[in-house]
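Trainee: I would like to go through a structure step by step. Could we start once it is on the screen?

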Amino acid sequence: LADGSKMSVSADNGQDLTDLNVFKERFLVAHTADSLIVGDLEAEKIAEVPWVWTGAEKFDFDTERVCVVHSRGEVSVVEYGVNRVLGTCRTTHTKQHLLSVRVQENRRGRARVGKKIAYLIDAQTVRVT
């Protein structure tokens, strides 16, 4: 990295990394033959999820604690540090400003953890999951 820091990244499934990129000097995206690895290097959290790589993926890092992956009309949300897809939706409205993600962590011993995704189904209908 530009600041000289280093981090080791490997796939949990033992496969070789096919590609590895760092965006905004903070966010990591890598993949193997059948998984996607995303990470927040500043928070030191990485997630690996099953994935079929298409090459059409676009990544949005603007939402805290998650990476939003856009691929061919489908939006997937991956929370850093959690090895599963938080949610997926199929919509033609995939622009960043048309999607809302909220991840509320457990704070001060409270058991309530909230994870919500809101997106447009069509031009006038919002779905919250």
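Trainee: In which strand does serine 76 lie?
Mentor: Keep in mind that this is a predicted model. Strand S7 covers residues 74-79, and serine 76 lies in S7.

Trainee: Does serine 76 count as buried or exposed?
Mentor: A residue is called buried when its relative accessible area is under 20%. Serine 76 has 3% relative accessibility. Its contacts, leaving out residues up to four places away in sequence, include Trp51, Cys67 and Val85. At 3%, serine 76 therefore counts as buried.

Trainee: What is the order of the strands in the open sheet of four strands?
Mentor: Strands of a sheet pair through backbone hydrogen bonds, either parallel or antiparallel. In this open sheet the pairing is antiparallel, and the order is S1-S2-S3-S4.

Trainee: Which strands stand at the edges?
Mentor: An edge strand here has a single partner strand, so one side of it is left without a neighbour in the sheet. That applies to S1 and to strand S4, residues 45-50.

Trainee: How many bridges join strand S1 to strand S2?
Mentor: S1 spans residues 19-23 and S2 spans residues 27-31, and the two run antiparallel. Leucine 20 stands opposite alanine 30 in S2, and phenylalanine 23 stands opposite phenylalanine 27 in S2. The number of bridges joining S1 to S2 is five.

Trainee: Which residue takes a positive phi in the hairpin of S1 and S2?
Mentor: The hairpin has three residues between the strands. The positive phi is near 55 degrees, and the residue that takes it is lysine 24.

Trainee: Phenylalanine 27 and tyrosine 80 form an aromatic pair; what kind is it?
Mentor: The structure holds five aromatic pairs. In the pair of phenylalanine 27 and tyrosine 80, the rings are 6.1 Å apart centre to centre, with 25 degrees between the planes. Planes under 30 degrees apart count as stacked, so this pair is stacked.

Trainee: How many residues apart in sequence are the parts that this pair ties together?
Mentor: Phenylalanine 27 lies in strand S2, while tyrosine 80 lies in the loop between S7 and strand S8. Phenylalanine 27 is buried at 6% relative accessibility, and tyrosine 80 is buried at 4%. The parts tied together are 53 residues apart in sequence.

Notes:
Residues are numbered from 1 along each chain as its sequence is written. This is a predicted model: local features need pLDDT of at least 70, side-chain atom pairs count only at pLDDT 80 or more; totals for chains, interfaces and linings use all residues. Side-chain values use heavy atoms; hydrogens and water are left out. Two strands pair if DSSP finds at least two bridges between them. Buried means under 20% relative accessible area, exposed over 50%, partly exposed in between (1.4 Å probe, protein chains only). Contact means heavy atoms within 4.5 Å. Rings of Phe, Tyr and Trp (its six-membered ring) pair if their centres lie within 6.5 Å; planes under 30 degrees apart count as stacked, over 60 as edge-to-face and the rest as tilted.
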